[in-house]
Amino acid sequence: MMQWSASQQRAWAALNLGPVWEPLPRSGSREAVQPNEVLRQGATASQALSPGGSSSDSPAGWAELRARVADCRDCPLGHQRKQAVFGSGSTAARWAIVGEAPGAEEDERGEAFVGQAGRLLDAMLASMGWSRTKDFFITNVLKCRPPGNRTPAPTEVAACARHLQAQLRQLEPLALLILGRVAAVHLLGGSAPLAHLRERIHLVGSNAREIPAVVTFHPAYLLRSPQDKAKAWEDLNRFAALQDRATEALRCAGL
Ligand code: SF4
């Protein structure tokens, strides 16, 4: 079980959010939380900092997690991919981005978000003054490319969930930016359309272990529907406001 440092414990006590991740919800995460309420939500500090919860994946270092993904054949995609795509960005980041699945260029290069959609994501992040290499860890719900970039099957997503769980337990991000409906449905449960999910802050997780999350469009969708870029900009600003509140809480706690 992951051990929390004293500074991490003080941070989470200050945020009153609860530890980050144990385990991913399969359905029914809470939603419709108002942004100005998020940092008041969650368990008490003692609940939040309890190391309770269990996982079938014991904590592992990043190298071990990478090796697990690289070797994984837990669903048929493992036999069709060129290479698994673990994720990219900073493993010390406070923020995480979770998308759907690798595309052709990611499959070829073994890196997340390097195709046309990845370049748009870079531009979106840069427009907010964020660096994908320093500020975020970026990964997908699915680590292997579905043939023809089809929508991932629920069985594939379920088979791959343990890898994302392990990554987020390792990273302990303060907030999640969720890209697209496939990732949103997996992380938040339910079947609401993306339009209903975008304009609120969600708490992802279960029991006392929750993490605030904002949902926005997948960049691949925005390439096809550029008229929605303005809405994506609103979402990024919503996420930025969440970051500000978390950062301020940490500052007030002297962290
Ligand atoms: S998609 Fe996930 S579960 Fe399936 S083989 Fe790849 S890493 Fe394993």
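Predicted model: local features only at pLDDT ≥ 70, side-chain atom pairs only at ≥ 80, totals over all residues.
Me: Where is F113 found?
Reply: F113 belongs to the loop between α4 (104–109) and α5 (116–127). Its phi is positive, about 55°, although F113 is not a glycine.

Me: What about E172, what is its phi?
Reply: E172 is not a glycine, yet its phi is positive, at about 55°. This residue sits in the loop between α6 and β5 (175–179). With 18 other C-beta atoms within 10 Å, E172 is partly exposed.

Me: Moving to the ligand, how many residues surround it?
Reply: The ligand is surrounded by 15 residues, and the closest are C72, C75, G78, C144 and C160.

Me: Which helix gives the most to that shell?
Reply: Helix α6 (residues 154–171) does, with four residues. Sorted by class, the shell around the ligand consists of nine nonpolar, two polar and four charged residues.

Me: How do α3 and α6 pack?
Reply: Helix α3 (residues 62–71) packs with α6 at an angle of about 170°, and their axes are 11 Å apart. The two helices are therefore roughly antiparallel to each other.

Me: Which residues make that contact?
Reply: From α3 they are W62, L65, R68 and V69, and from α6 they are H163, A166, Q167 and Q170. The contact of α3 with α6 has four nonpolar, three polar and one charged residues by class.

Me: Another helix, then. Why is α7 described as largely enclosed?
Reply: Helix α7 (residues 181–188) is largely enclosed by the rest of the structure because seven of its eight residues are buried. The buried ones are R181, V182, A183, A184, H186, L187 and L188.

Me: What comes just after α7?
Reply: G189 follows, with a positive phi of about 75°.

Me: Last topic, L222. Which helix is it in?
Reply: L222 lies in helix α9 (residues 219–224). L222 is buried, because 21 other C-beta atoms lie within 10 Å.

Me: What does L222 touch?
Reply: Leaving aside residues up to four places away in sequence, L222 touches L120, F217, D228, K229 and A232.

Me: And how are L222 and G180 placed, what separates their C-alpha atoms?
Reply: The C-alpha atoms of L222 and G180 are separated by 10.0 Å, and the two residues are 42 residues apart along the chain.

Conventions
Residues numbered from 1 in each chain as written. Near = placed C-beta within 6 Å. Nonpolar A, V, L, I, M, F, W, Y, C, P; charged D, E, K, R; others polar. Buried ≥ 20, exposed ≤ 12 C-beta atoms within 10 Å, placed from the backbone. Contact = placed C-beta atoms within 7 Å. Axes fitted to C-alpha atoms, helices over the stretch in contact; angles between N-to-C directions. Parallel < 35°, antiparallel > 145°, perpendicular 65-115°, else oblique.
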